[in-house]
Amino acid sequence: MFPTLYQISEGLGIHMYGLMIMTALLAAFVVSSRRARMVGIDSDKLTTMYLLVALAGVAVSRLFHFLFTDQSAEFFENPLIYFYPSEGGLVFYGGPIGGVLVGVLYCMYFKIPTFKMLDIAAPAIMLGLAFGRVGCFLAGCCHGMHCEMPINHTVLALQGGEIVAVDGFPHYALLFYREGAGVTASAARDLPLFPTQVWEMTVAFTIFGLLSWIWKRLKFFDGQILILMMILYAGWRSTVENFRGDMTRGLDTAGSGLTTSQWISVAMVILAVLIGVFRIIYVKYKGFDLVAEEIPFVPEDIDEELIYWRQSVGI
């Protein structure tokens, strides 16, 4: 839709997808740092973790692309294509899986309250996803199927396509120009498509807001926010997959009628329930509080007047 902010030369430019991925990571880390201090975690100790989480998230999301898309056969024949910048892409589920695993190991090693950090990370992941889907919208990836509704009029025309109004559901659709830039599949160009990127962006922002509200006001046990995120996003992702039209996502995996992401969603819901059950059983068995004590972290050298000002403005 608007894949390139500035073209420096042929094959070299400032691309919106990359900018939005950077924005997603930055937003997630800023929110995580602020909330970590609120529950007594020194955010300065998280800097290295953020770097490792970002690297692991990108690495695993890229690996998922080669394992679960139509490039899997090519990848197994020549695994080195993983390192070719012109090949492959990113699969969202790989990001949280890789990032969370590295983050958990980091927290355990440095004795950072793991489930408190996971509850902080869960809304941040949704915030990052929301910005990431803005990138998908601009780049033309993760697009929807042909909605097969007549176009009524153009709402907004951009560099690589249009937002159009259609007569019937979904009422608004995305149309990517055949000669436009971006990574939209050629068979899907010049057709009104379900706006799956916009839907997911909206839902991700909504889940971020909901989880943030629950984290502040309705948290009953450490790990609850992570579990809610897993269930809410899995339910949404399983639904929106029915409208996705990018065939590289592994449609009808193994003849089951489910996509790769829908299978992962099923596994994620099961895992979320197991985490919740075992977490509560373990805490009660050990006699711990369901929500461990949370004392805001204040650096030793911070000025008392600054503390008062930060509390007064809610920072």
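## Helix α6 and its packing

The buried residues of α6 pack against α1 (16–38), α5, β5 (172–176) and α7. Contact here means heavy atoms within 4.5 Å. Buried means under 20% relative accessible area, exposed means over 50%, and partly exposed lies in between (1.4 Å probe, protein chains only). Helices (H or I, at least four residues) and strands (E, at least two) are DSSP runs, numbered from the N terminus. This is a predicted model: local features need pLDDT of at least 70, side-chain atom pairs count only at pLDDT 80 or more, and totals for chains, interfaces and linings use all residues. Residues are numbered from 1 along each chain as its sequence is written, and side-chain values use heavy atoms, with hydrogens and water left out.

Which residues of α6 are buried? They are Thr 196, Gln 197, Glu 200, Ala 204, Ile 207, Phe 208, Leu 211, Ser 212, Ile 214 and Trp 215. These residues cover an arc of only 165 degrees around the axis, so they sit on the same side of α6. The arc is that of the directions from the helix axis to the C-beta atoms. An α-helix has 3.6 residues a turn, so residues three or four places apart point the same way. The face of α6 turned away from the buried side carries the exposed residues Thr 206 and Arg 217.

At 1.5 Å a residue, its 22 residues should span 32 Å, and the end C-alpha atoms are 31 Å apart, which agrees. The expected span is 1.5 Å times one less than the number of residues.

## Salt bridges

The structure holds nine salt bridges. The criterion is a side-chain nitrogen of Lys or Arg within 4 Å of a carboxyl oxygen of Asp or Glu. One of them joins the side chains of Lys 116 and Asp 222, at 3.1 Å from N to O. This pair links distant parts of the chain, 106 residues apart. Lys 116 is in helix α5 (residues 114–139), and Asp 222 is in the loop between α6 (196–217) and α7 (224–240). Lys 116 is buried at a relative accessible area of 5%. Asp 222 is buried as well, at 2%.

A salt bridge also forms between the side chains of Glu 200 and Arg 133, at 3.3 Å from N to O. Glu 200 lies in helix α6 and Arg 133 in helix α5, so the pair ties together parts that are 67 residues apart in sequence. Both residues, Glu 200 and Arg 133, are buried.

The side chains of Glu 294 and Lys 219 meet in a salt bridge of 3.8 Å, N to O. This pair again links distant parts of the chain, 75 residues apart. Glu 294 is in the loop between α8 (260–286) and α9 (304–313), while Lys 219 is in the loop between α6 and α7. Glu 294 is partly exposed at 34% relative accessibility, whereas Lys 219 is buried at 15%. Salt bridges with shared partners join Lys 116, Asp 119, Lys 219, Asp 222 and Glu 294 into one network.

## Cysteines

How many disulfides does a search of the whole structure find? It finds zero. A disulfide is a pair of cysteine sulfur atoms within 2.5 Å. Cys 136 is in no disulfide, and its nearest cysteine sulfur, that of Cys 141, is 3.6 Å away. Cys 141 is likewise in no disulfide. Cys 136 is buried at 3% relative accessibility, and Cys 141 is buried at 15%.

## Gln 71 in its loop

Gln 71 is found in the loop between α2 (47–68) and α3 (72–77). Gln 71 is buried, with a relative accessible area of 12%. Its side chain makes a polar contact with the side chain of Glu 87, at 2.9 Å. A polar contact is a pair of N or O atoms within 3.5 Å; within protein, one must be able to donate a hydrogen and the other to accept it, and residues adjacent in sequence count only if both atoms are side-chain atoms. Leaving aside neighbours within four places in sequence, Gln 71 is in contact with His 65, Phe 66, Glu 87 and Gly 88.

## Backbone exceptions

Most residues other than glycine have a negative phi, and most peptide bonds are trans. A cis peptide bond joins Phe 169 and Pro 170, with omega about 10 degrees. Pro 170 sits in the loop between β4 (161–166) and β5. His 171 lies in the loop between β4 and β5. The phi of His 171 is positive, near 75 degrees. His 171 is partly exposed, with a relative accessible area of 47%.

Lys 111 is not a glycine, yet has a positive phi of about 55 degrees. Lys 111 is found in the loop between α4 (94–109) and α5. Lys 111 is exposed, at a relative accessible area of 73%.
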